[in-house]
Structure formats: structure tokens, C-alpha cells
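Q: I have a structure open and want to talk it through. Can you take my questions as they come?

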Amino acid sequence: MQTLEGEHIYLRALEPKDITDIHRIENDELLWQLSETQTPFSLFTIKEYVENAHRDIHEVKQLRLAICNRDTDKLIGLVDLFDFDALNQRAGVGILIEDEANRGNGYGAEALHLIVGYSKKHLQLHQLYANIGAQNTPSIKLFEKSRFTHVGTKKDWSRFRESFTDELLYQHLLECILKKLLQLLLELEP
């Protein structure tokens with residue numbers, strides 16, 4: 001599927017071989033703040049989740065894809081569309097690159113670019129949004145670089161350990177870019 005293939009990574013549906021990787025990722029306490037998780041997941045629960053991952057986004061309101069390195073075919077992260085709303089043509093998006101050694105190499109930006117393209121072309125979404133902790137500077141930079149706009153701040157939204165942090169809401173209106181490009185093309189014509 002060309003829409004999900006990039007230069008350095010590709011996105012694919014979850015496979016049974018991913019169960020161990022997803023179990024490890026979901027149970028990494030250092031990542032729990034990002035997903036607002038508070039309890040570990042059993043291997044059985046992850047296995048059931050992967051077995052049902054083929055279900056249609058219109059039914060389950062979520063789509064999780066594996067981010068894989070093109071050279072090694074190894075799973076390096078996950079990208080999620082969640083809270084899918086067909087009527088209002090929107091969904092939330094989240095990205096996780098698991099290993100710190102793979103962060104900052106452009107994999108997240110490429111995955112975000114691919115999922116935005118997929119959302120426009122195949123899901124006909126009007127907008128994507130992301131909820132990002134105010135202290136998550138790398139994610140803020142990633143989403144801003146990818147033309148997501150900061151549209152609001154939820155004060156003291158998330159509790160982590162003994163303190164509360166703000167959560168930032170970012171939004172990307174998918175049709176606006178197309179309209180701007182069409183406007184520019186029309187302005188260029190003699």
C-alpha cells in the first residue's frame with residue numbers, strides 16, 4: 001500500500017508476531033504518562049487485542065498500526081488513530097517511537113506524514129488532533145513541524161506522580177492545506 005510506505009519506515013497492520021513488542025511497550029512504566037495508563041496489561045489481554053486489531057475503524061473507533069524500519073523490517077513504534085468520528089470526520093492521533101536511539105531520526109515525522117495522508121485519502125477525514133503533555137517538548141516540535149496548530153490548553157489536566165501538568169490540544173485541518181494549495185495555483189495562473 002503506497003500510502004503507508006515512506007522513505008525510511010512503513011506502517012502496517014498489527015501481526016501476531018507483534019504481541020511481545022506491544023506487551024513490552026504497554027507495560028513500560030516510563031511511557032505510562034503518555035498514554036495515561038495506570039495498570040499493566042497481561043500478555044493474554046495484548047494477544048486478544050492483536051487478534052481483534054483487524055476490526056474496522058468505523059466499528060471500534062480506533063486504528064493502531066506498527067511503525068517498521070524499512071531496512072530491518074523491525075517494529076520501532078506505534079501510531080494510533082483514536083476516537084474516530086465518521087460524522088464529524090475527525091480522529092485523534094498519537095505516535096510512539098519506543099527506543100530512545102530511534103527518536104530524533106525523523107521516523108516520527110515520517111509516520112505522522114504517512115498517517116495524515118492515509119487519513120485524507122482513505123478515511124476522508126477533515127481533521128486530526130493530538131493531545132500532548134506540556135512538558136513533552138519533542139512531541140510538540142514534531143506536531144508543530146507537521147503543520148498541527150496549538151488551539152488550546154487544558155490546565156492541570158493530567159496528574160503524574162505528585163503534580164498536575166497541562167495538556168495541549170493540537171489540530172490539523174486536512175482540507176485547509178488543499179484549499180491553500182489550490183488558491184496558490186489559481187494565483188499563479190496568468
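Q: Which residues does leucine 128 touch, not counting residues up to four places away in sequence?
A: This is a predicted model, so take the contacts as computed. Leucine 128 touches Leu81, Ala91, Val93, Val116, Ser119, Phe148, Tyr170, Gln171, His172 and Leu174.

Q: And how many residues are in the largest nonpolar core?
A: That core has 33 residues. Leu128 is among those with the most contacts inside it, along with Leu11, Val93 and Ile115.

Q: Which elements each supply at least two residues of this core?
A: Strands S1, S2, S3, S4 (90-97), S5 (127-133) and S7 do, and so do helices H5 (107-121) and H6 (137-145).

Q: Which one gives the most?
A: H5, with seven residues.

Q: What does the second, separate core include?
A: It has 13 residues, including Ile19, Ile22, Ala66 and Cys68.

Q: Ile19 and Ile22 are in H1, then. Which residues of helix H1 are buried?
A: In H1 (residues 19-26), Ile19, Asp21, Ile22, Ile25 and Glu26 are buried.

Q: Why do they line one face of the helix?
A: Looking down the axis of H1, the buried residues fall within an arc of 165°, so they line one face. As background, an α-helix has 3.6 residues a turn, so residues three or four places apart point the same way.

Q: Asp21 is charged. Which residues are linked with Asp21 in a network of salt bridges?
A: Arg24 and Glu98.

Q: How many salt bridges does the structure hold?
A: It holds 12.

Q: Let's take glutamate 5. What does it form a salt bridge with?
A: Arginine 70. The closest N and O atoms are 4.0 Å apart.

Q: Where do glutamate 5 and arginine 70 lie?
A: Glutamate 5 is in the segment before strand S1 (9-13). Arginine 70 is in the loop between strand S2 (63-69) and strand S3 (75-85). The pair therefore ties together parts that are 65 residues apart in sequence.

Q: What about aspartate 166: which side chain does it meet in a salt bridge?
A: Lysine 155, at 3.5 Å from N to O. Aspartate 166 is in strand S7 (residues 163-173) and lysine 155 in strand S6 (residues 149-160), so the pair ties together parts 11 residues apart in sequence. Lysine 155 counts as exposed, at 60% relative accessibility.

Q: And arginine 159: which side chain does that one meet?
A: Glutamate 162, at 3.9 Å from N to O. Both arginine 159 and glutamate 162 are exposed.

Q: Switching to the sheet. What is the strand order?
A: S1-S2-S3-S4-S5-S7-S6. The sheet is open, has seven strands, and its pairing is mixed.

Q: Which are the edge strands?
A: S1 and S6, each of which pairs on one side only.

Q: What does the twist average from one strand to the next?
A: It averages 30°.

Q: How many bridges join S6 to S7?
A: Eight, and the two strands run antiparallel. Histidine 150 stands opposite tyrosine 170 in S7.

Q: Last one. Which strands does H6 touch as it packs on the sheet?
A: S4, S5 and S7. The direction of H6 makes about 160° with that of S5.

Conventions. Residues are numbered from 1 along each chain as its sequence is written. This is a predicted model: local features need pLDDT of at least 70, side-chain atom pairs count only at pLDDT 80 or more; totals for chains, interfaces and linings use all residues. Side-chain values use heavy atoms; hydrogens and water are left out. Buried means under 20% relative accessible area, exposed over 50%, partly exposed in between (1.4 Å probe, protein chains only). Helices (H or I, at least four residues) and strands (E, at least two) are DSSP runs, numbered from the N terminus. The arc is that of the directions from the helix axis to the C-beta atoms. A nonpolar core is a set of buried Ala, Val, Leu, Ile, Met, Phe, Trp, Tyr and Cys residues joined through side-chain atoms within 4.5 Å. Contact means heavy atoms within 4.5 Å. Two strands pair if DSSP finds at least two bridges between them. Axes are lines fitted to C-alpha atoms, for helices over the stretch in contact, and angles run from 0 to 180 degrees between N-to-C directions.
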